[in-house]
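Please look at the sequence and the 3D structure below. The report that follows goes through salt bridges, a helix, the cores and a surface patch.

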Amino acid sequence: MAAVRRVLIVGGGIGGLTLAVALRGRGILTEVVELEARVLGVGITLTGTALRALDMAKLATGCVERGFGFDFFEISDGAGKPIAKNPLAATGAGFPAAVGMPRPVLADFLTAAANDLGASIRHGLTVDTMEQDDDGVDARFTDGKPWTLRPCRGC
């Protein structure tokens, strides 16, 4: 099997941008296409498993710096009176158990990290058609532009 040298990532959300950062960190050319030009949602909580995965891509510290770390959550009744306090398991990676942050802040951070590493990110389009055969992959975006990937034989 030929070594992976170039990847098309369809979807520039949390997963797509994190993948772009991780692949660029290994020297793989990445192109990200994302249909939405805006971030959907208001807030997000990154728990221990997410923080450990982000740490593998060297992104967790930036998320912790931009968010609010916490190690428990509290349940209150309708009047706001606390009725239970539940601890969260530690990440084991030196981070808080969870980090809450606005989704746009996370998206901006991940986009900047991917851009800083040289990823190509394009908004407002997605894949319209894609065909794969023994010679590689041919895709066409919704703006009509083609994208082609041919394996590097003997690399």
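## A buried charged residue

Glu 31 is buried, at a relative accessible area of 17%; buried means under 20%, exposed means over 50%, and partly exposed lies in between, with a 1.4 Å probe and protein chains only. Glu 31 forms a salt bridge with Arg 6, and their closest N and O atoms are 2.8 Å apart. A salt bridge here is a side-chain nitrogen of Lys or Arg within 4 Å of a carboxyl oxygen of Asp or Glu. Because Glu 31 lies in strand S2 and Arg 6 in strand S1, the pair ties together parts that are 25 residues apart in sequence. Arg 6 is partly exposed, with a relative accessible area of 25%.

The model is predicted: local features need pLDDT of at least 70, side-chain atom pairs count only at pLDDT 80 or more, and totals for chains, interfaces and linings use all residues. Residues are numbered from 1 along each chain as its sequence is written, and side-chain values use heavy atoms, leaving out hydrogens and water.

## The other salt bridges

How many salt bridges are there by this rule? The count comes to three. One of them joins Arg 150 and Asp 138, at 2.9 Å from N to O. This pair links distant parts of the chain, twelve residues apart: Arg 150 is in the segment after strand S11 (146-149), and Asp 138 is in strand S10 (residues 136-141). Helices (H or I, at least four residues) and strands (E, at least two) are DSSP runs, numbered from the N terminus. Arg 150 is partly exposed at 40% relative accessible area, and Asp 138 is partly exposed at 30%.

Glu 65 forms a salt bridge with Arg 66, with the closest N and O atoms 3.9 Å apart. Glu 65 is exposed, at 60% relative accessible area, whereas Arg 66 is partly exposed, at 40%.

## Helix H1

Helix H1 (residues 14-25) has twelve residues and should span 16 Å at 1.5 Å a residue; its end C-alpha atoms are 17 Å apart, which agrees. The expected span is 1.5 Å times one less than the number of residues. After H1 comes Gly 27, with a positive phi near 85°.

The buried residues of H1 are Gly 16, Leu 17, Thr 18, Ala 20, Val 21, Leu 23 and Arg 24. Their cover includes strands S1 (6-10), S2 (29-34) and S8 (120-123), and helices H2 (48-56) and H4 (103-116). Contact means heavy atoms within 4.5 Å.

## The nonpolar cores

A nonpolar core is a set of buried Ala, Val, Leu, Ile, Met, Phe, Trp, Tyr and Cys residues joined through side-chain atoms within 4.5 Å. The largest has 26 residues, and Leu 46, Leu 59, Cys 63 and Leu 106 have the most contacts inside it. At least two residues of this core come from each of S1, H1, strand S3 (43-47), H2, helix H3 (60-66), strand S7 (98-102) and H4. H4 gives the largest share, five residues.

Apart from this core lies another, of seven residues, among them Leu 125, Val 137, Phe 141 and Trp 147.

## A nonpolar patch on the surface

Phe 73, Ile 75 and Ile 83 form a nonpolar patch on the surface, with about 270 Å² of accessible area together. Patches are made of residues with over 30% relative accessible area and no salt bridge; like charges are joined within 9 Å, and nonpolar side chains (Val, Leu, Ile, Met, Phe, Trp, Tyr) within 5 Å. Accessible areas come from the Shrake-Rupley method with a 1.4 Å probe, and for residues only the protein chains shown count as cover. Ile 75 is in strand S5 (residues 72-76) and is partly exposed, at 34% relative accessibility.
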